[in-house]
Amino acid sequence: IRDKKSLGSVLDEITGLGEKRKTNLLKAFGTIEGIKAASVELLVEVGGMNRVVAERVLIQLRENDEEE
């Protein structure tokens with residue numbers, strides 16, 4: 001089980017994802033797993049997000065899973 005600090009570091013590595021976007025995503029989806037399970041369209045609906053960053057978030061989170 002990961003603590004919040006290690007989960008945050010996964011999001012910290014994503015280019016274009018600042019504190020406000022990270023906070024908004026976690027508020028909307030609750031967890032990294034929740035974000036990862038969402039579609040690009042759902043991520044874009046979160047305040048401050050755009051399609052390019054939403055796609056980048058999903059790609060990087062899914063690649064991170066493959067590395068583990």
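The legends below describe close-up views of a predicted model.

**View 1. Confidence along the protein chain.** The mean pLDDT (the predictor's confidence in each residue, from 0 to 100) is 88 for the protein chain, and 88% of the residues score at least 70. Helices (H or I, at least four residues) are DSSP runs, numbered from the N terminus.

View 2. H5 covers residues 51-67; at 1.5 Å a residue its 17 residues should span 24 Å, and the end C-alpha atoms are 24 Å apart, which agrees. Buried residues (under 20% relative accessible area, 1.4 Å probe, protein chains only) of H5 are Val53, Ala54, Val57, Leu58, Leu61 and Asn64. They lie on the same side of H5, because their arc around the axis is only 135°. Val52, Glu66 and Glu67 are exposed (over 50%) on the face turned away from the buried side.

**View 3. The N-terminal end of H5.** Asn50 caps this end, with a side-chain oxygen 3.1 Å from the backbone nitrogen of Val52.

**View 4. The largest nonpolar core.** This set of buried Ala, Val, Leu, Ile, Met, Phe, Trp, Tyr and Cys residues, joined through side-chain atoms within 4.5 Å, has 17 residues. H5 gives the most to this core, five residues. Leu25 is among the residues with the most contacts inside the core. Beyond its neighbours within four places in sequence, Leu25 is in contact (heavy atoms within 4.5 Å) with Leu17, Gly30, Ile35, Leu43, Val46, Met49 and Val57.

**Notes.** Residues are numbered from 1 along each chain as its sequence is written, and side-chain values use heavy atoms, without hydrogens and water. Local features need pLDDT of at least 70 and side-chain atom pairs count only at pLDDT 80 or more, while totals for chains, interfaces and linings use all residues.

How values were computed
Helices (H or I, at least four residues) and strands (E, at least two) are DSSP runs, numbered from the N terminus. The expected span of a helix is 1.5 Å times one less than its number of residues. The arc is that of the directions from the helix axis to the C-beta atoms. A polar contact is a pair of N or O atoms within 3.5 Å; within protein, one must be able to donate a hydrogen and the other to accept it, and residues adjacent in sequence count only if both atoms are side-chain atoms.
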